[in-house]
Amino acid sequence: MAKKNKYYVVWVGYKPGVYDSWSACQLQTKGFPGAKFKGFDTKILAENAYNEGFIGYEKLSPSQKVLFSVDDNSPKPVYPSLAVDAAWNTATLEMEYRGVVAQTGTELFKQGPYPDATNNIGEFLAIVHVLAMLSKGMGLPDSIMKIRETIPVYSDSKTAISWVRNKRANTKLKPTAKNRLLFNLVARAENWLRENSWKNPLLKWETKVWGEIPADFGRK
């Protein structure tokens, strides 16, 4: 007997997203020209595939697609992997971000603080920062260097992952005299995304299942 899918990703349809029934998926795809959708066993698997985008997911090799088979009840994410996070101070409006080796917590970089910023911008810059490091092969431990082209990168921000996929930081933050440097960094990051490609899966860290992301600043 064939296994029944529990979740469905609609990459291209009336309203793209992740749905928990075939009937809901059909409502978004039936009659839609060029609809792109796929069924998955778990919600985390489906959300990760959705964040990867249809083209990105299709380009993954069979071994890379295994990275999307994390079960909802799994106590651990995929290792080896890298993780990024940003911290935003609600009082000062300053933001900083960093990247670490997920399984050890070894810090790879830390940037900031930047004034008049947001957490999502920090997450966006952190993802691009680590992708650039992996692309250049600079500042990485030997264990990561060997697998730098395929190692997954975790972020707990769906928004930032989406911005990276779209190669644009769709922020509502307004430029000020204080955050001029920050907006310059965002422009550089967007330019890097447009001029470069990567194979590293960008995965959503499931905080409710696994606890705080390893790159968390521990200030909550």
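Helices and strands here are DSSP runs, numbered from the N terminus. Keep in mind that this is a predicted model.

Let's start with the sheet. Five strands form an open sheet with mixed pairing, in the order β6-β5-β4-β7-β8. The edges belong to β6 and β8 (202-204), and each has a single partner strand, so one side of each is left without a neighbour in the sheet. On average, neighbouring strands are turned by 20° against each other, direction ignored.

Now look at the β6 end. The partner there is β5, residues 95-101, and the two strands pair in the antiparallel sense over five bridges. To find your place in that pairing, pick out Gly 99, whose bridge partner in β6 is Phe 109.

Is Asp 116 buried or exposed, and what is the nearest side chain of opposite charge? Asp 116 is buried, and that nearest side chain is Lys 178, 5.2 Å away. A salt bridge has to fall within 4 Å, and Asp 116 has none.

What Asp 116 does have is a polar contact of 2.8 Å, side chain to side chain, with Thr 176. Leaving aside residues up to four places away in sequence, Asp 116 touches Leu 93, Leu 173, Thr 176, Lys 178, Asn 179 and Leu 182. So Thr 176 shows up both as a polar partner and, by the contact cut-off of 4.5 Å between heavy atoms, among the residues touched.

Key. Residues numbered from 1 in each chain as written. Predicted model: local features only at pLDDT ≥ 70, side-chain atom pairs only at ≥ 80, totals over all residues. Heavy atoms only, no water. Buried < 20%, exposed > 50% of the residue type's maximum accessible area, 1.4 Å probe, protein only. Lys, Arg positive; Asp, Glu negative; His and termini not counted. Polar contact = N/O pair within 3.5 Å; in protein donor to acceptor, adjacent residues only side chain to side chain. Pairing = 2+ DSSP bridges. Helix = DSSP H or I, 4+ residues; strand = E, 2+ residues; numbered from the N terminus. Axes fitted to C-alpha atoms, helices over the stretch in contact; angles between N-to-C directions.
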